[in-house]
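Me: Please take a close look at one part of this model, the charged and aromatic side-chain contacts, and describe it in one connected answer.

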Amino acid sequence: MSTDIADARRIVVKVGSNVLTRSDGKPNVTNLSSLVDQIAALRGLGHEVILVSSGAVACGRGVLKPQRQLDAVAQRQLYSSIGQIRLINLYNSLFAEYGYVVGQVLTQKENFGSRESYLNQRACMQTMLENGVIPIVNENDTASLTELMFTDNDELSGLIAAMMGADVLIILSNVDGIYDGSPSDPASRLIEKVAAGTDLSSCVVSSKSGFGRGGMGTKCGIARKLSEEGVTVYIARGDRADVLVDLICRPQTVPHTEFEACPQTVSNIKRWIAHSGSFAKGVIRVDAKAASILRSDKAVSLLPVGAVSADGDWEEGDIVVLLTEAGETIGYGRAAVSGSEAKKMIGLRGGRPLVHYDYLFIE
C-alpha cells in the first residue's frame, strides 16, 4: 500500500552532487535556487521537509589552489571545509526570501551506531521541525574517516528518513528513475512502480556517474529497505522544472519510480536496527530450522538452541548480524547478552534469548 504523497506529513528530500554541480565541478546555483523555490512551495502546502544535500565539495572547489598535491581524502576535507560554509550560506539567503529559517546538521556514520547518539540526534532535529526550522543535513566530511564514511548521501538520507519517521523519501538524481536496462539504451523502459520486497538487482547498472560517490544500486537498496519499513520512496530527475511540486500535486505527469510502502510499519527501534548493519560488533550463525522460523511470519526471538556459532567481541545492547550457516544475511538485532555469554550459550535449550524479537529486524 503506497502513501499518498499529497497527504505526507513529513518528507525527506535528498539531492545529489550530479544535480547541484555543473560540468566544470562548480555549484549549479540555478538548480539550487529552483530546489529552494520548490521546498518553500512544499512548506506552503503544509508538509514538513528535511533536506539532505550534497554540494559542499563543489562549493569549495575553485575557491583556492592547494599549495601542494593532495590525495583524494585531503582534497575532500579541504574543499568541504570551505564549501560547507558557502553552501549553507546560499541556502540560508535563498530560504530567507521566503521567510524560512534553516539549520545545519553535520553528521557522521558513527553517530548512528550508538542508540544514545541516535536518539540525541533525532531529538535535536525534532526540535528544529517543531520550531519551523528546515534541517539541512550533510556528512561531516572534514571529520569522517574514509572507512567509516557513508556510501553516499543516499545512505544518509535513508538513515534520516528512518530515524525521523518520514512518510516519504524523494531522491533527486540525474535520471528519471529505475530502468529495466541501461538508461542510455533507447530500448530500456522506466519502471514506474516497485512493490515492497521486489529485487531489482538484475535491472540496475552498477556504474557511478558524475561527481557522486554512489550509484543507482545504492538508491535501490535504500529504497527497498525503507519501503519494507513503511516509507514510500520516489526516485526522479532533479533538474526537471518543478519536479518536487509536480510529484506532490500531479505525480502522473512526472517520470519517476515509486517504491511502494509495505502497509505494516515497524517500530522506531526496529528502524534503527534495520539500518545498523554496518555498525555490527559481532556475528551469530543459525541453523536451517532457526533461519526458517526467523524468516516466517511468527513473532519469535533468537534462542540459543538455534545458534551454531558466535563470532566477535560485543557487549549487551550492541548490534549483531544474523547469518545462515552458508553466510547469507538473515537480519540484524540488538544483542540481549554479551559476546562471551553468547558463546557459552550456543546450542543450549532454555534460558534467555540471544536476541529478543522486539529488537530484531529480519530482511
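Reply: The charged end of Lys-270 lies over the ring of Tyr-357, 3.6 Å from the ring centre; the criterion is NZ of Lys or CZ of Arg within 6 Å of the ring centre and within 35 degrees of the ring normal. The model is predicted, so local features need pLDDT of at least 70 and side-chain atom pairs count only at pLDDT 80 or more, while totals for chains, interfaces and linings use all residues. Residues are numbered from 1 along each chain as its sequence is written, and side-chain values use heavy atoms, with hydrogens and water left out.

Over the whole structure there are three aromatic pairs (rings of Phe, Tyr and Trp, the last by its six-membered ring, with centres within 6.5 Å; planes under 30 degrees apart are stacked, over 60 edge-to-face, the rest tilted). The rings of Tyr-118 and Trp-272 have centres 5.9 Å apart and planes at 50 degrees, so this pair is tilted. Tyr-118 belongs to helix α5 (residues 115-130) and Trp-272 to helix α9 (residues 268-274), so the pair ties together parts 154 residues apart in sequence (helices are DSSP runs of H or I, at least four residues, and strands runs of E, at least two, numbered from the N terminus). Tyr-118 and Trp-272 are both buried (under 20% relative accessible area; exposed is over 50%, partly exposed in between, with a 1.4 Å probe and protein chains only). Ring pairs join Phe-112, Tyr-118 and Trp-272 into a cluster.

Salt bridges number 14 (a side-chain nitrogen of Lys or Arg within 4 Å of a carboxyl oxygen of Asp or Glu). Among them, Lys-219 and Asp-154 have their closest N and O atoms 2.9 Å apart, and both are buried.
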